[in-house]
Amino acid sequence: MNTKLTIVHLIFFSLISFTTLSQTTDLDKLNLDFEIMKGNSAKGWSDFENPGYEKGLDTLIAFSGKNSGYIESKKDAKTFGALSYYIPAGFIGDKIKLTGYMKTENVSYAAGLWMKINPNLGFYNMMDKEIKGTNEWNEYEIELDYKDVEAESIEIGVLLAGKGKIWIDDLKVTIDGKELKNVKKKVELTAEIKQSLIKQIQQQKNSLDISSEEKLEATLTPLIESIGNKKIVAIGEDTHGTSEYYKLREAITKRLITEKGFNIVVLENPYDDIEVLNNHIKEEEISKLMKKHLFSIYQTEEMKSFLDWYKIDSIRSNVAFKGMDDSFWVSHELLKDKLSEIQDNEITQLIERLKDAATLSVRKYNRKYKKSGKKARDENELGAFTYQIAIDLNDTLESKGLLTKQLEEYLFNIKNTYINYFNLKNKKPTQSRDEIMAERIAYLAKDPDSKLIVWAHNAHISNIVIINDEIGIMGEKLKNEFGNNYLSIGMSSSKGSYSFFENRFVNGDHDFDDELIQSKIRFQPSESWETLFNEADENSYYFNVKKIKSGDVYTKLKLITFNKETKKDYYKLPILKMFDSLFFLETTNATTPLDD
């Protein structure tokens, strides 16, 4: 991009972040066509008082109606003039589009529409289009990701950089193709709505007694009976490091297996590592296996309690334990072990190539396979090679009648792990982690005899996408595919302690040796879902969310992942749209790290 244009972009972005704009709230009376007057000005429109730029209302030239907005500069200044219009956020949607008509006259530098989603969530000003010179009325548009969870306001306008004159008229803002007045809005948690929700929860909640296994069993019975013949039950948590959540999930899981015929438990952990853990669970000490093959956050006494139960022969013969996260580390070893007795040179070579593509550097891979004529230019291309080798191996095994159900599953997970390298190489859209995890779960669920229990964070199992068009995709995709056969159970608390680790990238390497640290919850807002639930009952309980008439009520909700809590871990969300059932415990405790 032109250096000068980049400078204008940055200056404008910085300036608008600190400018107080007129506020317009009546969506039926948005003045985007400059026809509503306030004195001699267009109501709701502001300008940036940059020297050398004249801005205002033109009552003689318009695309339609009587008026248009204009900016003019007679000096070829290396700065800009801009008009701006403020719209409060609060809309629900994914994509926001600004369209409008612009006319230019002798523009020396550039002109264009601009749009910004606050606080600093999205910005674009068309300076890279270099619209200049003299042009009659033309329609232009800008589209941004809306990010409705975090958006606080929308700012739009027009910009002139350099000398010349521009006119702007008939602007329109739409979200997902709908005019703003027709877009669904978030409902704020008013005192009246809060009391209504508290009353509804109190009327239909089930008390939860976790003081002993016997009492817990008894209080869980209504939930177990209500699950019926679901295909997938996803059990969440608002932190990965809360002891009570694991105890609850273990108790629910055991009953679903023994009473409802569920036969697969899927954990938010690398697929291949859990397969290796399964292969060695009988002969190796369980704590050592956990430290080698489970994310550090799961290396706890609470997880060990479940695995000690799972490794019993009578349980393992009927129940499979699976992972749903990327499998970069030992998938090739699984294939090699499974195919060790097959004497086939073609298959042996493909497994060797798969291992090399997955484990060697680009330089070492190219050196070893320089005669093959398939050198990798970079790590992305080497990842795409890995994906293709997995396809070739799948096809070869199938052609030779050697593709078992287990081998097909291994290769499916390898392909999913490397799919985005293939997508990048072929200029296709990449898939998010949530999308890939959803595909892995759906793959297991395609077996008509399978019934799955999923252990993952609240943010992943949510029935709706909740953050940045990303987190929640897993749950939403599964809900869309399996409908009422997918049940999501959220878990929440308002105070206490939790475990975390400081490594930012949970799956960045295969050394799952991060130290677990304990901390107290510090930033719980006074206005939040957690405080509302606490007001409904200070004791522990759960309730059927579907029985609560809530609308799209939004307020703060805690979502702490693997790392230490920050103020940014509280999102304004519609929790009663996110889950089918919800557990609330006032005070919870950190998980207990495994004994060394």
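I started with strand E13, which is joined to strand E22 (residues 553-558) by two bridges, and the pair runs parallel. My reminder on terms: strands (E, at least two residues) and helices (H or I, at least four) are DSSP runs numbered from the N terminus, and two strands pair if DSSP finds at least two bridges between them. I looked up Val 187 and found that its bridge partner in E22 is Val 553. Then I traced the whole sheet: it is open, has three strands in the order E13-E22-E23, and its pairing is mixed. Strand E13 (187-188) and strand E23 (570-573) are the edges with a single partner strand each, so one side of each has no neighbour in the sheet.

Two notes on the source. This is a predicted model, where local features need pLDDT of at least 70 and side-chain atom pairs count only at pLDDT 80 or more, while totals for chains, interfaces and linings use all residues. Residues are numbered from 1 along each chain as its sequence is written, and side-chain values use heavy atoms, with hydrogens and water left out.

Next I zoomed out. I noted 18 helices and 24 strands in the protein. Its C-alpha atoms fill a box of roughly 85 × 75 × 40 Å along the principal axes. Of the 596 residues, 55% count as buried (buried is under 20% relative accessible area, exposed over 50%, partly exposed in between, with a 1.4 Å probe and protein chains only).

Which way do the residues of strand E5 point? Ser 68, Tyr 70 and Glu 72 go one way, Gly 69, Ile 71 and Ser 73 go the other way, and all are buried. I wrote down the general rule too: side chains in a regular strand alternate between the two faces of the sheet. E5 (residues 68-73) is mostly covered, with six of its six residues buried. Strand E4 (residues 53-58) is joined to E5 by six bridges and runs antiparallel to it, with Leu 57 opposite Gly 69. E5 also pairs with strand E11 (residues 164-175), again antiparallel, over five bridges; there Ser 73 has Gly 164 as its bridge partner.

Phe 34 sits in the loop between helix H1 (3-17) and strand E1 (37-38). Is Phe 34 buried or exposed? Phe 34 is buried, at 1%.

One more backbone check: the peptide bond from Asn 118 to Pro 119 is cis, with omega near 0°. Pro 119 is in the loop between strand E7 (95-118) and strand E8 (122-124).

Last, I looked at charge. Arg 363, Lys 364, Arg 367, Lys 370, Lys 371 and Lys 375 gather in a positive patch on the surface (patch residues have over 30% relative accessible area and no salt bridge, and like charges are joined within 9 Å; a salt bridge is a Lys or Arg side-chain nitrogen within 4 Å of an Asp or Glu carboxyl oxygen). Lys 371 is in the loop between helix H11 (362-368) and H12, and is exposed at 82%.

Notes
Patches are made of residues with over 30% relative accessible area and no salt bridge: like charges are joined within 9 Å, nonpolar side chains (Val, Leu, Ile, Met, Phe, Trp, Tyr) within 5 Å. Accessible areas come from the Shrake-Rupley method with a 1.4 Å probe; for residues, only the protein chains shown count as cover. Lys and Arg count as positive and Asp and Glu as negative; His and the chain ends are not counted. The place of a charge is taken as NZ of Lys, CZ of Arg, CG of Asp or CD of Glu.
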